[in-house]
Amino acid sequence: AAAAAGGAGAAAALWSEVNRCGQNGDFARALKSVNKILQINKDDVTALQCKVVCLIQNGSFKEALSIINTHTKVLPSDVIAFEKAYCEYRLNRIENALKTIQSASQQTDKLKELYGQVLYRLERYDDCLAAYRDLIRNSQDEYEEERKTNLSAVVAAQSTWERVVPENLGLREATYELCYNNACALIGQGKLNEAMKKLQKAEELCRQSLSEDSDVTEEDIEAELAIIHGQMAYIMQLQGRTEDALQLYNQIIKLKPTDVGLLAVIANNIITINKDQNVFDSKKKVKLTNAEGVEHKLSKKQLQAIEFNKALLAMYTNQAEQCRKLSSSLQSQSPEHLLPVLIQAAQLCREKQHTKAIGLLQDFAEQHPANAAEIKLTMAQLKIAQGSVTKACMILRSIEELQHKPGMVSALVTMYSHEEDIDSAIEVFTQAIQWYQQFQASQYRESPVHLSLIREAANFKLKHGRKKEAISDLEELWKQNPKDVHTLAQLISAYSLVDPEKAKVLSKHLPSSDTMSLKVDVDALENSHGATYVRKKAGKLTGDNQQKEQGQGEVKKKKKKKKGKLPKNYDPKVTPDPERWLPMRERSYYRGRKKGKKKDQVGKGTQGSTTAGSSELDASRTASSPPTSPRPGSAAAVSAASNVIPPRHQKPAGAPATKKKQQQKKKKGGKGGW
């Protein structure tokens with residue numbers, strides 16, 4: 001009895017310690033006391049519950065969940081349902097957490113709050129929205145603002161990922177979190193300018209809220225603002241302001257925020273800006289997307305986008321195997337998605353395997369008819385790249401839902417015209433016009449698209465000489481608008497070549513010349529700023545100029561062409577060399593430079609001495625050189641032994657030969673002279 005009393009007293013003291021530590025938030029110390037209590041009674045339900053709570057508060061979720069699972073008899077699911085579900089939620093076992101919540105016999109407020117969080121993580125936004133609305137309607141405590149923030153986050157997610165137009169919840173933007181979530185919802189709707197204003201307001205509210213706390217530093221404020229600035233940069237990127245976006249993204253990265261999800265999104269967006277340029281920077285940034293825990297911070301679509309960009313980066317960096325591996329993995333995860341197969345096809349094209357790429361796309365189009373249109377457009381592009389324009393046209397014409405579209409009609413007609421297949425081009429026009437006539441409602445028959453196609457078909461037929469075929473189209477247009485003078489003129493022109501009598505009859509419908517005359521002030525038009533020619537005033541014309549102005553039909557004098565200059569030594573009796581315009585080496589009579597002893601002896605011997613051939617190297621002794629002293633070291637004289645001399649260097653016929661002068665000896669002396 002004494003021992004039992006002592007144990008009870010010790011337990012009471014320990015419980016008192018647990019209570020005191022819990023109130024002070026010292027859960028590590030409380031856990032020690034709880035363990036001592038369990039040593040006294042290992043199946044104490046309250047002690048086990050306290051131990052689980054202490055472990056959760058200390059972040060030991062695995063250990064807490066282990067205790068719950070090993071004491072199922074002592075701790076029934078109804079008693080410990082919230083703690084178990086919360087541990088599973090924090091361990092990212094979201095599906096297990098949902099099952100635990102749904103299996104609880106009593107749905108407490110805590111379980112409902114956690115249920116909303118679980119649904120959000122599972123991206124079941126409709127159910128999540130209903131859960132938070134129920135909580136806000138039936139709860140009255142100090143957490144109402146947090147619930148409204150979560151509700152606005154759900155609406156923003158619906159707008160962003162499901163393209164659902166959000167309803168106005170009437171939430172007052174009292175906090176920067178609410179303001180930020182509303183901005184995200186506006187981004188999902190494409191209202192970028194309004195979203196930017198909301199983000200600027202959120203930034204202002206955040207600074208005001210955090211600056212009130214004296215313990216918060218400027219670095220803490222910037223860290224909290226990082227997610228707002230990241231969304232601002234995203235808007236800039238969507239608006240095409242890539243330089244501003246890139247600068248803001250890099251500023252956020254320099255802050256080294258602890259949110260791995262934010263860093264991953266920013267790194268991914270930088271990679272999309274870089275594209276196939278600056279791949280070294282992209283390879284550095286892609287490492288941020290592989291950080292631990294990223295997969296639990298981002299939505300499925302965000303993670304999918306990151307994986308797509310990894311595959312594209314592998315392709316741009318010539319990592320073919322890595323690209324194939326990533327794209328194949330993506331295709332297995334999302335078999336109906338277009339991007340994986342397009343990336344695989346692009347990689348095959350980079351490897352010059354166009355036929356294999358087209359086969360891959362063809363298989364996908366057959367397996368997924370819903371996406372066949374986009375795939376066939378890509379196939380047609382590849383065929384054009386191969387030069388198979390006709391086959392590309394066949395692929396495009398197989399896309400039934402696009403056959404009648406003006407853009408498709410224009411593309412097909414252009415391609416067929418390039419191939420000079422006019423009949424096929426006209427057939428494309430005919431099919432498109434028939435589509436509008438047969439399948440559109442009667443009020444759309446006279447729509448601008450329908451009439452525009454008929455006009456384009458008529459113009460095309462007239463351009464290619466198909467007058468008879470163009471007449472029916474022009475008559476249809478004129479019937480729709482009898483006041484269209486331009487169409488009537490085209491119709492008359494076409495009939496004039498086929499049925500002149502019909503053309504005369506139709507010409508009676510043309511307006512008279514009086515009604516078509518335009519009252520134009522010629523002087524005002526000529527004196528206008530855009531006039532390219534201004535007539536001179538009559539008052540300034542006198543004499544001969546006035547006569548020329550008044551004269552009609554006077555022919556202007558032709559300007560005389562200047563005769564080309566002839567060479568000074570030109571002789572009309574001598575036939576010019578027909579090869580005179582060719583370089584010397586290309587002429588038929590060129591035999592190359594003569595080789596002999598004279599060339600080898602140039603410059604040899606003692607200083608001041610002469611050689612036997614020195615007289616031939618003197619420029620003053622040549623027939624065409626002026627009578628000036630030779631320049632030291634110059635050896636560019638023309639050989640006198642040549643029989644044919646270029647015309648520009650010929651001497652006049654019968655001119656006396658220049659007498660050879662005795663070569664004067666050069667004076668010695670002078671620095672380095674001859």
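This is a predicted model: local features need pLDDT of at least 70, side-chain atom pairs count only at pLDDT 80 or more; totals for chains, interfaces and linings use all residues.

**Entry 1: L151**

Is L151 buried or exposed? With a relative accessible area of 4%, L151 is buried, because anything under 20% goes in that class. L151 sits in helix 9, which covers residues 144-161.

Next I looked up what surrounds L151. Setting aside neighbours within four places in sequence, I get L129, Y132, R133, I136 and L169 as its contacts.

**Entry 2: N181**

Then I moved to N181, in helix 10 (residues 176-188). The relative accessibility of N181 is 10%, so I have it down as buried. Where does the side chain of N181 reach? I find it at 3.1 Å from the backbone oxygen of T149. T149 turns up again in the contact list of N181, together with S152, A153 and A156, once neighbours within four places in sequence are left out.

**Entry 3: cysteines**

How many disulfides does the structure hold? I count 0 disulfides. C87 has a relative accessible area of 0%, so it goes in as buried. C323 also comes out at 0% relative accessibility and counts as buried.

**Entry 4: aromatic pairs**

A pass over the whole structure gave me 5 aromatic pairs. One of them is F61 with Y86, edge-to-face, with 6.2 Å centre to centre and 65 degrees between the planes. That pair links distant parts of the chain: F61 is in helix 4 (residues 61-70), Y86 is in helix 5 (residues 77-90), and they are 25 residues apart. F61 is buried at 12% relative accessibility, whereas Y86 is partly exposed at 23%.

W435 is partly exposed, with a relative accessible area of 26%, while Y436 is buried at 9%.

Back to F61 and Y86 for one more note: ring pairs link F61, F82 and Y86 into a cluster.

**Entry 5: nonpolar cores**

Which residues have the most contacts inside the largest nonpolar core? I wrote down L361, I375, L396, V409, V413 and F460, in a core of 41 residues. Helices supplying at least two residues each include helix 18 (338-350), helix 19 (354-367), helix 20 (372-386) and helix 24 (448-463). Helix 23 gives the most, with 8 residues. Both domain 2 (324-401) and domain 3 (403-510) give residues to this core, so I have it lying between them.

Apart from neighbours within four places in sequence, L361 is in contact with V341, L342, A345, I375, T378, M379 and L382. I375, one of these contacts, is also on my list of residues with the most contacts inside the core.

There is another core, apart from that one, and I logged it at 36 residues, among them A185, L199, C206 and M236.

**Entry 6: E456**

E456 is in helix 24, one of the helices that supply at least two residues to the 41-residue core. Is E456 buried or partly exposed? At 44% relative accessibility, E456 counts as partly exposed. I took one distance here: C-alpha to C-alpha, E456 and S410 are 9.3 Å apart in space, and 46 residues apart in sequence.

**Entry 7: whole-protein numbers**

I have 31 helices and 0 strands. Of the 674 residues, 33% are buried. I also looked at contacts between residues at least 6 apart in sequence, and 49% of those join residues at least 24 apart.

Note on methods. Residues are numbered from 1 along each chain as its sequence is written. Side-chain values use heavy atoms; hydrogens and water are left out. Helices (H or I, at least four residues) and strands (E, at least two) are DSSP runs, numbered from the N terminus. Buried means under 20% relative accessible area, exposed over 50%, partly exposed in between (1.4 Å probe, protein chains only). A polar contact is a pair of N or O atoms within 3.5 Å; within protein, one must be able to donate a hydrogen and the other to accept it, and residues adjacent in sequence count only if both atoms are side-chain atoms. Contact means heavy atoms within 4.5 Å. A disulfide is a pair of cysteine sulfur atoms within 2.5 Å. Rings of Phe, Tyr and Trp (its six-membered ring) pair if their centres lie within 6.5 Å; planes under 30 degrees apart count as stacked, over 60 as edge-to-face and the rest as tilted. A nonpolar core is a set of buried Ala, Val, Leu, Ile, Met, Phe, Trp, Tyr and Cys residues joined through side-chain atoms within 4.5 Å. Domain bounds come from an automatic or database domain assignment.
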